[in-house]
Amino acid sequence: MSARGGVKTVLRRLTDASVAERILISFAALVMATLIGAAIVLVSGRVATCQTAATTLFGVGFCYDPVDVYLVLFNGALGQPFLLDSPGLFNPNWNPLNFGLAFTLKETTLLIFTGLSVAVAFRAGLFNIGTQGQLVLGGLATALFAVFIAPFLPAGIIGGIILIPLAVLVGALVGGLYGAIPGALKAYSDANEVITTIMLNFIAAGIAKVLVSEFFRNPDSQVIETAPIPDWGTLLPVAFPKGSDFSILALVFGLALVVAVWYLLERTSFGYDLRTSGEQPEAAEYGGVDAKRTTVTSMFLSGALGGIGGAIWVLMVIGNWLTDVPSLGFDGITVSILAGNNPFGVIPAALLFGTLKSGSLAVQFQTGVPKQLVGVLRGLIILFVAMPEFFRMIGTSITPKRDREAVATDGGEHLSGGDDE
Amino acid sequence: MSTSTIDQLRDAELSYRTTLVGGAVGAFLLIALLGLLFPSSIWASLLGIITSRSTLSSALRLSVPITFAALGGIFAEKSGVINIGLEGLLIISAFTAVITTAVIGPGTVIFTVPVVGVSLTAIWIGFFAGILVSVLFSAIFAVVCIRYKADQIIAGLAVWLIALGLAPFVSTVYYGGVNTENLGTSLGTWAIPVLSEIPFFGALFSAGPAVYMMLVAVPASWFILNRTAFGRHIRASGENPKALDTVGVDVSRVRYAGALLSGFLSGIGGSALSLGLGQFIGTNQTMVNGKGFIAIVAYLFGNYNPLGAFGASFLFAGLDAVQIRLQQVQGYTLPDSLIQTIPYITVIVILAFVGRTYIPSAAGEHYDSGEDNR
């Protein structure tokens with residue numbers, strides 16, 4: 001069996017595992033990552049210099065208090081509902097429609113799209129590391145299309161109703177076509193999609209930068225960016241404060257897509273083909289599934305979801321396209337892995353990373369711990385999710401002996417590494 | 001996979017590599033011809049750049065991190081462990097090397113060998129610290145993959161993401177920003193007398209210490225992999241672990257060795273990268289900026305042969321070096337980000353024609369000797 005076969009085995013193992021076990025593993029991974037994150041905060045608190053120690057353990061002063069860091073993170077992501085100095089006390093001035101919560105939901109919304117993108121490919125047995133590139137080009141197409149079409153439309157709400165769906169569609173189409181490239185390479189020349197999608201990320205960034213700086217550059221700007229889309233053509237904040245870059249409409253759209261993707265995967269014949277070619281490629285072929293076409297279509301779909309992520313980033317957050325696109329596509333990999341590639345799982349996973357990202361700003365501001373801590377946590381969570389065996393071993397060693405049989409049967413498959421047994 | 005398929009793959013590999021080498025030589029001859037015929041055209045400038053000593057010297061310098069990471073990747077993957085965390089290993093070693101040197105004090109002399117007068121300075125301690133931390137990270141990766149049977153691709157991604165977060169995090173704790181301060185010193189160049197005077201090829205003998213290390217490490221890796229018992233074990237572990245197990249060699253130990261070697265070699269590459277400049281830059285994708293991923297491509301290109309991997313790394317680095325110099329040519333401004341995509345596009349095109357690269361058949365798979373289970 002090839003490396004791809006190895007990935008397949010793991011995929012099969014992940015999808016076979018019961019939902020309850022998935023949730024348990026994700027939760028355990030979260031706890032482990034939080035604990036190691038706390039240790040990192042403590043250690044870096046020894047390196048940092050401060051006037052007064054934030055906490056003292058065993059007679060040694062530390063500049064950062066990990067418990068405080070996590071409290072601030074959570075509190076900040078919700079927009080300070082608690083007064084941390086007097087624990088448990090509710091902040092009477094707290095308004096649920098605040099900037100902190102808007103930031104959290106904005107990140108959550110974007111991550112739902114990229115998380116779904118990665119999950120769809122994963123379910124088809126394809127590792128799409130290229131969501132970032134699909135997002136970059138999809139977003140660029142959306143921005144260029146919106147700027148181009150805006151003069152032909154009536155300004156105001158009617159123009160917006162026409163422009164926004166079309167622009168999102170253009171983003172989805174371009175992202176989808178860019179995603180179909182590694183799909184086609186995979187299907188027709190057996191090129192490893194892990195490698196091609198990584199390469200295509202770099203190519204997308206390069207192409208986008210050249211296109212904008214050489215042909216579509218906003219002449220009034222110092223940085224490399226396109227001309228702005230008129231305000232009426234963007235997703236403006238509803239209910240949440242102006243300038244918060246979060247529109248509930250986008251979140252609702254994201255949630256609707258979750259349901260749509262779930263329906264497509266679980267309730268349609270295409271979804272069935274997609275899942276079987278991901279889980280049991282030989283059986284799928286035998287059952288008459290056109291594996292090549294399924295590969296290309298799945299990657300198109302995955303890329304289209306990434307492209308929509310880019311479109312929403314452009315229409316909701318930035319209002320035009322500029323280089324330095326945030327790493328939403330890579331975060332999508334994290335979200336999907338944590339979600340066990342389940343469309344519904346993407347919602348809590350995206351919310352978790354949205355919270356981490358948003359709260360990290362409060363952490364940096366209030367405790368001085370750099371916001372990059374979240375990047376470390378992200379990596380640690382992935383690392384622990386990747387090794388369910390670790391938790392199974394812990395589980396086996398702490399459960400009483402008579403219960404072990406059960407553990408061994410639902411977790412003890414894959415005894416041998418070879419495909420020859 | 002049957003023998004005939006392998007043969008077919010090998011034939012395809014050979015033919016595409018012949019095409020590639022032929023193409024490169026042909027392109028060079030074309031540029032040379034055009035450059036000589038039209039002395040005031042861009043071709044002449046291009047010819048001047050390609051044949052200049054400084055281009056060779058920067059191509060060698062730029063290929064150091066890619067080559068070392070690629071050599072590491074070969075050892076890991078040949079042993080059956082796919083390490084796509086090479087990028088992370090480069091990041092973490094590049095950062096550790098600089099911060100260690102800075103903490104000791106860049107100018108500090110640890111000790112001087114009497115008589116010879118050679119002294120060990122802080123920058124070399126930093127160099128080794130970078131390697132050490134990279135090995136540590138690869139050890140964690142190895143345990144996660146081998147002992148706990150994690151999916152290697154996901155664990156590799158985790159290594160990359162952790163390093164991508166950790167280096168700027170610690171830098172911000174220590175310096176207040178994602179970039180470290182400049183050490184004010186770097187590894188410098190070691191010029192060999194007389195030989196360094198040779199036109200063009202003199203660049204080979206007036207280079208940084210890491211370039212010399214690379215020129216030693218490439219043939220040494222080839223020799224270890226193809227001519228020693230250890231190399232044979234590594235290759236068997238990736239191709240047919242069961243056979244290796246049958247003759248009584250512990251497959252896990254061989255795989256640990258392969259994964260740790262990838263950390264060791266990437267560590268040299270990362271340390272050399274940042275110490276060559278005297279600073280770690282942590283903005284965006286950090287100063288490593290995809291070199292670890294290019295390294296993966298380089299060894300796939302070189303078909304897991306250290307010499308081939310070096311050839312591919314040097315080709316990519318050479319394109320980059322020419323591109324940098326081309327920016328300085330008056331009147332011919334090509335967008336640099338366009339040229340920077342050339343290596344990636346080349347890879348895509350080649351993969352489109354060749355398709356599956358020949359990966360060790362057991363790479364990515366877990367192996368159990370069966371002793372734990374029965």
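This is a predicted model: local features need pLDDT of at least 70, side-chain atom pairs count only at pLDDT 80 or more; totals for chains, interfaces and linings use all residues.
Let me start with chain A. Its secondary structure comes to 16 helices and four strands. The chain has 421 residues, and 55% of them count as buried. If you take contacts in chain A between residues at least 6 apart in sequence, 72% join residues at least 24 apart.

Chain A is divided into two domains. Domain 1 is made of residues 19–94 together with 369–399, and domain 2 runs over 110–358. The centres of these two domains of chain A, taken over C-alpha atoms, are 30 Å apart. How many residues are in contact between them? Twelve residues of domain 1 of chain A touch 13 residues of domain 2 of chain A. Between them the two domains of chain A bury about 1100 Å², and carbon and sulfur atoms give 75% of that area.

The count of salt bridges between domain 1 and domain 2 of chain A is one. Now look at Arg378(A). Arg378(A) forms a salt bridge with Asp331(A), with the closest N and O atoms 2.1 Å apart. This pair is part of a network of salt bridges that links Glu107(A), Asp331(A), Lys357(A) and Arg378(A).

Lys357(A) is in helix H13 of chain A, residues 343–367, and Glu107(A) is in helix H4 of chain A, residues 99–123, so the pair links parts of the chain that are 250 residues apart. Are these two buried or exposed? Lys357(A) has 25% relative accessibility, so this residue counts as partly exposed. Glu107(A) has 9%, and therefore counts as buried.

Next, Arg392(A), which takes part in two salt bridges I want to show you. In one of them, the side chain of Arg392(A) meets that of Glu21(A) at 3.1 Å, N to O. Here too distant parts of the chain are linked: Glu21(A) lies in helix H2 of chain A, residues 19–47, Arg392(A) lies in helix H15 of chain A, residues 388–398, and the two are 371 residues apart. Glu21(A) counts as buried because its relative accessibility is 17%, and the cut-off for buried is under 20%. Arg392(A), at 12%, counts as buried as well.

The other salt bridge of Arg392(A) is with Glu389(A), at 3.3 Å, N to O. This one is local. Glu389(A) and Arg392(A) both lie in helix H15 of chain A, three residues apart, which is about one turn of the helix. Both of these residues are buried. Over all chains, the structure holds eight salt bridges.

Now to the contact between the chains. Together they bury about 5100 Å², with 74% of it on carbon and sulfur atoms. On the chain B side, Tyr148(B), Ile154(B) and Phe169(B) lose the most area to chain A, together 13% of what that side buries. How many salt bridges cross the interface of chain B and chain A? The rule finds zero.

Take Ile129(A) as an example. Leaving aside neighbours within four places in sequence, its contacts in chain A are Val194(A), Thr197(A), Ile198(A), Asn201(A), Phe330(A) and Ile333(A), and in chain B they are Ile84(B) and Leu157(B).

Last, one helix of chain B. Helix H7 of chain B covers residues 209–227, 19 residues in total, and reaches 26 Å from its first C-alpha to its last, close to the 27 Å expected at 1.5 Å a residue. Among the buried residues of H7(B) are Pro209(B), Tyr212(B), Met214(B), Val218(B) and Leu225(B).

Note on methods
Residues are numbered from 1 along each chain as its sequence is written. Chains are lettered from A and ligands numbered from 1 in the order in which they are written. Side-chain values use heavy atoms; hydrogens and water are left out. Contact means heavy atoms within 4.5 Å. The expected span of a helix is 1.5 Å times one less than its number of residues. Buried means under 20% relative accessible area, exposed over 50%, partly exposed in between (1.4 Å probe, protein chains only). Domain bounds come from an automatic or database domain assignment. Buried area is the accessible area (1.4 Å probe) that two parts lose on being put together, summed over both. A salt bridge is a side-chain nitrogen of Lys or Arg within 4 Å of a carboxyl oxygen of Asp or Glu.
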